[in-house]
Amino acid sequence: MDALTPFVPVWGAPEEWNQAYEKVENYLRAFRVESRLHRARLIQMALQRVADRPPPTDGTPLTTLAVREVQAMMQEWFARIMQEPQNVSDVQGRLGLLLCDGQTRWPYCFLEPDRIPEEMVAKMQKAMLRAGPDLQVSNMVPREIDLGLMPEFFGDALETFQKQPVIRAVILWTLLLGLLGFLFWHTRR
Amino acid sequence: MSADSTTNTTATATNVTALIDGRRLTQRRIVFFSIMLLLATVATWIMADILWRGGLTRTELFVFTLFVPLFLLVSFGFTQALAGFWMLWRGGDAVNITRTLKENDDAPLPVTAIAIPIYNEDVSQVYEGLRIMFRSLEALGKADRFDFFILSDSNDPNKWIEEEVSWVELCKQVKGFGRIFYRHRQIPINRKSGNISDFCRRWGSRYRYMVILDADSLMSGKALVSLVRLMETNPRAGIIQTAPELIRSKTLYGRLLQFASTLYGPVFLAGMNFWQGNEGNYWGHNAIIRLAPFIEHCALPDIPGQPSATAKFMSHDYVEAALMLRSGYEVWLAYDLPGSYEGGPPSLIENARRDRRWCKGNLQHAWLLFAKGIKHTSRLHLMLGIFSYVSSLLWFLLLTAGSYQCYQEWYILPRGYDYDVGLSRLLDIGGARLALALFLFTMSLLLAPKFFSWLLAARDAQRRRRFGGMFRLCSGCLIEQIFSMLVAPVQMLFHSFFVVAIWLGLKVGWGAQKRDASGVVDWGDAIRMHALHMFAGVIGGTIAHQIHPTLFWWMSPVFAGLVLAIPFSMLLGQTEPALALARVGLLTTPQEIGVPAEVAQLERNLSAIRERIPPPERLRSDYGFMQVLLDPLVNSVHVSLLRQRHKHRGEPGEYFRALEERVLRDGPSALNRREKTALLLHPVSMSRLHQKIWLLPDSQLSPWWTMAMRQYNILTSQPETALYR
């Protein structure tokens with residue numbers, strides 16, 4: 001691994017560069033770049049690319065510029081590995097990295113312009129998720145069934161009953177009052 | 001597709017159809033139902049004799065009308081247990097589908113689908129169970145003969161993401177890509193049955209058989225292979241249901257259920273197999289299904305009289321079994337096939353929640369009772385399902401009417417029990433003693449199945465040891481009896497309330513089931529659920545005491561269960577008393593003494609997962625949603641899966657842009673579940689939000705996101721699942 005070179009930006013406050021460093025570091029950690037050495041190198045690469053550009057005139061914060069830079073690095077890297085346009089390869093590349101366990105098996109290769117093992121490239125290119133095997137569509141429809149007596153006697157009544165909460169409440173109260181009336185009458189015979 | 005095109009028709013030499021023909025089955029049923037009716041007739045006669053003291057009052061007639069169907073059920077349960085006891089005592093039933101398994105059968109197996117429909121379940125439990133089954137099949141060299149399908153209907157955004165992440169991780173770990181699939185439905189039409197139908201429509205015709213599992217189901221590789229072999233050997237079998245054993249119960253309630261089902265279950269299951277034979281039932285999981293006839297004949301019909309024209313039966317399993325039998329295929333119960341497990345409800349309250357759903361489902365089956373073409377056995381299964389809930393209401397009415405009748409006997413009517421007629425006169429014992437005899441007769445029938453089960457265990461030294469020895473077996477039975485006596489009245493009121501509420505058309509939710517044992521009951525829950533029970537117990541007890549102290553003492557077990565419902569339910573939902581009993585070997589089951597390898601491994605895996613440090617408290621409620629937006633790898637999994645289903649989905653419209661802005665500016669809590677789901681369904685929004693969250697300066701983001709970015713990476717090195725990292 002190359003030795004770290006000094007980073008001396010000519011514009012931007014040190015506090016802003018520190019914030020950009022932290023943001024890029026968080027982003028790379030979300031990518032499971034666990035090696036601190038490798039992570040530091042990648043952060044410096046990204047920040048150096050920002051520093052090499054002229055300062056922004058539209059007030060874009062350094063954190064945004066740094067993350068944009070690292071995202072651009074990734075898109076270029078994924079596009080090269082996946083051999084697809086950048087807009088297609090980003091998601092596919094991230095997925096490939098996850099499925100081939102790239103960060104665990106080849107911890108120093110992420111975003112490296114060279115030295116990418118062929119196995120890693122092949123595995124990333126082949127990686128895909130399938131929610132199921134190829135469809136083999138069947139027609140599953142209910143068969144005719146004669147439900148006999150039940151719908152004839154109760155179908156309409158039940159539908160009315162379920163659609164009309166007022167009727168339901170009236171019936172409930174009638175039953176309750178009827179029961180109370182019955183008890184009242186019976187206990188006084 | 002015709003059933004025969006996918007059925008192995010060569011293996012018919014030893015199929016079970018040869019073991020049971022229609023005549024033999026009819027003979028069995030005649031014997032079975034004759035015993036049942038004989039017992040019910042004797043009891044009915046005695047009851048009529050007791051009530052008939054020179055005529056029947058309206059109350060007496062009402063009591064008698066309730067008594068007859070209820071005693072028929074008691075008698076049915078006893079006869080079933082008696083038949084099962086007889087079969088097991090003799091060493092097993094010759095008419096048993098598992099007897100058609102050939103030893104050393106090494107015939108090639110067709111690839112079988114294992115479908116696991118889930119809905120906001122404990123993800124770790126589902127996936128660890130799957131991992132155990134996959135490994136178990138691997139050990140047998142049969143992993144390539146099974147494809148696993150996780151069929152998710154989860155609508156909780158966190159669960160959805162957790163399921164996706166876990167799926168990818170599991171596939172990576174077991175090299176299961178192409179063998180383990182994950183499908184998430186956008187709209188969960190018709191719940192679980194719709195979920196299964198969706199699978200059948202997409203992939204069903206690729207497979208000859210499908211094994212259906214529940215979220216907490218576990219099956220050994222051997223059991224899975226045996227099920228496929230049974231299907232191959234019995235080409236007329238449409239469904240083979242196993243009898244899952246309850247495992248991993250941690251609470252007192254769970255352990256009581258586990259003990260009871262393990263000890264008492266076999267006699268009922270063997271008895272069920274005795275009378276149902278090849279016209280069995282299906283319980284919705286831990287079963288294998290022949291897909292061609294299932295697809296062709298078992299699509300659920302609509303329920304008439306529902307507001308929605310496409311409302312389907314909630315409890316689909318009984319209906320599917322009835323339709324399978326109608327199509328000419330058989331449904332078997334492989335009641336002694338080992339290696340089939342499931343979890344049970346951890347508390348009385350959870351059990352009631354599950355019962356409420358099942359109650360509605362079973363009541364809906366009334367529509368099919370008179371359907372043409374349905375087998376009479378299916379009608380009986382449906383009827384038994386309905387009565388398993390309606391009977392509670394009938395018992396409640398019987399107790400109430402019986403108490404009122406006592407009041408009449410003591411205070412209103414001129415004649416009492418001592419007015420001798422019929423049997424009591426013949427036997428010269430008086431009405432009161434005859435009533436006592438009927439009570440003892442009823443109790444004998446209710447308790448005899450437990451005695452049969454105890455006897456089977458007690459006489460078999462090995463089985464006895466697996467329950468912890470004779471002393472622990474007897475103590476366990478006693479403890480279970482006391483608790484079941486106290487639980488029964490609470491269950492009765494729960495079920496009665498459900499039946500009435502459902503008849504009145506009140507809504508029944510489809511909530512996810514709590515299946516673990518962690519903090520399942522708190523005082524608030526217990527008071528809310530049981531306050532009415534306690535009130536009913538106090539009022540009922542007071543009235544009974546006012547009527548006559550004797551009545552009160554006779555009914556005191558019922559009142560005790562109700563009055564103590566709140567603390568009792570709390571006690572049942574706790575793990576400490578269960579652990580204390582387990583420490584001295586009480587309520588021990590054979591699965592605990594000789595723990596099956598799969599169960600032991602599952603326990604180890606889940607314990608290891610739960611020992612991990614959970615995410616910070618502030619992130620927990622939106623962890624999955626945060627993960628999919630923040631984590632570039634998780635985001636890629638989600639977007640890739642979305643792109644497969646929504647290949648041509650264009651730029652999101654104004655609604656989505658507004659949601660994106662809100663979630664960035666105000667954090668995930670600013671969106672409700674539906675809005676989060678909408679975002680999660682849009683691949684472009686998902687990709688864009690991921691980019692933006694990292695690009696935007698802190699000043700333009702909700703502080704929640706800034707905090708999440710800093711905290712997310714502290715613990716994780718792998719994209720682990722949400723709550724158990």
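Predicted model: local features only at pLDDT ≥ 70, side-chain atom pairs only at ≥ 80, totals over all residues.

Strand S1 of chain B pairs with strand S4, residues 209-212 of chain B. The two run parallel, and three bridges join them.

How many bridges join S1(B) to strand S2, residues 146-152 of chain B? Seven, and these strands also run parallel. Here B:Ile114 stands opposite B:Phe148 in S2(B). Between S1(B) and S2(B) the chain passes through helix H3, residues 123-140 of chain B. That gives a β-α-β crossover, and the crossover is right-handed. As a reminder, strands of a sheet pair through backbone hydrogen bonds, either parallel or antiparallel.

Stay on S1(B). Is this strand, residues 112-118, enclosed or open? Seven of its seven residues are buried, so S1(B) is largely enclosed by the rest of the structure. Look at the two faces. B:Thr112, B:Ile114, B:Ile116 and B:Ile118 point one way. B:Ala113, B:Ala115 and B:Pro117 point the other way. Both sets are buried.

Next, a second sheet. This one is open, with three strands in the order S5-S10-S7 of chain B, and the pairing is mixed. Which strands stand at the edges? Strand S5, 218-219, and strand S7, 245-246. Each has a single partner strand, so one side of each is left without a neighbour in the sheet. S7(B) is joined to strand S10, residues 340-342 of chain B, by two bridges, and the strands run parallel. For a pair to look at, take B:Glu245, whose bridge partner in S10(B) is B:Tyr341.

On to helices. Find helix H2, residues 58-89, and helix H11, residues 376-412, both in chain B. They pack at an angle of about 140°, with their axes 8 Å apart. At that angle, H2(B) and H11(B) are oblique to each other. The crossing of H2(B) past H11(B) is left-handed. What sits in the contact, by class? There are 18 nonpolar, five polar and two charged residues.

Helix H13, residues 430-459 of chain B, crosses helix H15, residues 470-503 of chain B, at roughly 165°. Their axes come within 11 Å. That angle makes H13(B) roughly antiparallel to H15(B), since over 145 degrees counts as such. This crossing is right-handed.

Last item: two backbone angles. B:Lys175 has phi near 55°, a positive value in a residue other than glycine. Where is B:Lys175? In the loop between helix H4, 157-174, and strand S3, 180-184, of chain B. Its relative accessible area is 69%, so B:Lys175 is exposed.

B:Asn286 also has a positive phi, about 55°, although it is not a glycine. B:Asn286 lies in the loop between helix H7, 252-276, and strand S8, 287-290, of chain B. Buried or exposed, then, for B:Asn286? Buried, because its relative accessibility is 0%. So B:Lys175 is exposed, whereas B:Asn286 is buried.

Definitions and conventions:
Residues numbered from 1 in each chain as written. Chains lettered and ligands numbered in written order. Heavy atoms only, no water. Axes fitted to C-alpha atoms, helices over the stretch in contact; angles between N-to-C directions. Helix = DSSP H or I, 4+ residues; strand = E, 2+ residues; numbered from the N terminus. Parallel < 35°, antiparallel > 145°, perpendicular 65-115°, else oblique. Left-handed = near helix turned anticlockwise from the far one by under 90°. Nonpolar A, V, L, I, M, F, W, Y, C, P; charged D, E, K, R; others polar. Buried < 20%, exposed > 50% of the residue type's maximum accessible area, 1.4 Å probe, protein only. Pairing = 2+ DSSP bridges. Right-handed = clockwise from strand over helix to strand, strands pointing away.
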